[in-house]
Amino acid sequence: MFDPLIDTTLLIVAGIVLVRFWPRIYARLKRIDDANIARIRQEREDRRDRFAHFRHTLDVASEQVDEIREYKTRDERTGTPVTRYLFDGDTFASRDEAERTRAEKVGDIARGFYRDLPRALVERREDGKLR
């Protein structure tokens, strides 16, 4: 006796929730769609770019390195509020300095990949996976 009433009530509540949160849902779906369009466009451009492999290597290396964190504190000498930047356990006075240190670390990881690449390719050839 109550099953149709419960089903109808749940359907109405779901409709109200959907109408209420539709702008947020649509915005999230739009961001996902835009990201997919940008990814497909980048893949097409990469087919024509002979340096795309280096960019992808740097992107992967960048994902493996922590981001720079910004925080507010007081200057040790004057006591005035200042912004400091934290990266890899070190504190930097300027963002440029922290970015430079982060870029060096990303570059080191990318160079390590290319340093290990010939050995990895030889191992794959010996296993018969690469022809």
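Me: Tyr-114, buried or exposed or partly exposed?
Reply: Partly exposed, at 26% relative accessibility. This is a predicted model, and the value is computed from it.

Me: Why does 26% not count as buried?
Reply: Because buried means under 20% relative accessible area, Tyr-114 with its 26% falls into the partly exposed class.

Me: How many aromatic pairs in the whole structure?
Reply: A search finds four. One of them is Phe-54 with Tyr-114, which is tilted, with 5.5 Å centre to centre and 50° between the planes.

Me: Where do those two residues sit in the chain?
Reply: Phe-54 belongs to helix α2, residues 52-63, and Tyr-114 to helix α3, residues 95-127. They are 60 residues apart, and the pair links distant parts of the chain.

Me: And the accessibility of Phe-54?
Reply: Phe-54 has a relative accessible area of 43%, which puts it in the partly exposed class.

Me: Which residues make up the aromatic cluster?
Reply: Phe-51, Phe-54, Phe-113 and Tyr-114 form one cluster.

Me: What sits over the ring of Phe-21?
Reply: The charged end of Arg-20, 5.0 Å from the ring centre.

Me: Changing topic. What is the order of elements from the N terminus on?
Reply: The order is α-α-β-β-β-α, with three helices and three strands in the protein chain.

Me: What is the radius of gyration, against a compact globule of 131 residues?
Reply: The protein chain has 26 Å, whereas a compact globule of that length would be near 14 Å. The C-alpha trace spans about 70 × 65 × 30 Å along its principal axes.

Me: What share of the residues is buried?
Reply: Buried residues make up 14% of the 131. The chain exposes about 11,300 Å², and carbon and sulfur atoms supply 56% of that area.

Me: What share of the contacts comes from residues 24 or more positions apart?
Reply: They account for 30% of the contacts with a separation of 6 or more.

Me: Back to helix α3. Is Gly-107 buried or exposed?
Reply: Gly-107, which is found in helix α3, counts as buried at 13% relative accessibility.

Me: How far is the Gly-107 C-alpha from that of Thr-57?
Reply: The two C-alpha atoms are separated by 9.5 Å, and the residues are 50 apart along the chain.

Me: Salt bridges now. How many?
Reply: The whole structure has 13. Among them is Asp-34 with Lys-30, where the closest N and O atoms are 3.4 Å apart.

Me: What separates Asp-34 and Lys-30 along helix α1?
Reply: About one helical turn, because they are four residues apart in that helix, which covers residues 3-48. Asp-34 is partly exposed at 36%, and Lys-30 is partly exposed at 39%.

Me: Which residue meets Asp-46 in a salt bridge?
Reply: Arg-55, with an N to O distance of 2.2 Å. Asp-46 is buried, with a relative accessible area of 13%, while Arg-55 is partly exposed at 30%.

Me: And Asp-75, which partner and what distance?
Reply: The side chain of Asp-75 meets that of Arg-77 in a salt bridge, 3.8 Å from N to O. Asp-75 is buried at 11% relative accessible area, but Arg-77 counts as exposed at 75%.

Me: Which residues do salt bridges with shared partners join into one network?
Reply: Glu-70, Lys-72, Arg-95 and Glu-99.

Definitions and conventions: Residues numbered from 1 in each chain as written. Predicted model: local features only at pLDDT ≥ 70, side-chain atom pairs only at ≥ 80, totals over all residues. Heavy atoms only, no water. Phe/Tyr/Trp six-rings, centres within 6.5 Å; stacked < 30°, edge-to-face > 60°. Buried < 20%, exposed > 50% of the residue type's maximum accessible area, 1.4 Å probe, protein only. Lys NZ or Arg CZ within 6 Å of the ring centre and 35° of its normal. Rg over C-alpha atoms; globule rule 2.2 N^0.38 Å. Contact = heavy atoms within 4.5 Å. Areas by Shrake-Rupley, 256 points an atom, 1.4 Å probe, with all protein chains shown as cover. Salt bridge = Lys/Arg side-chain N within 4 Å of Asp/Glu carboxyl O.
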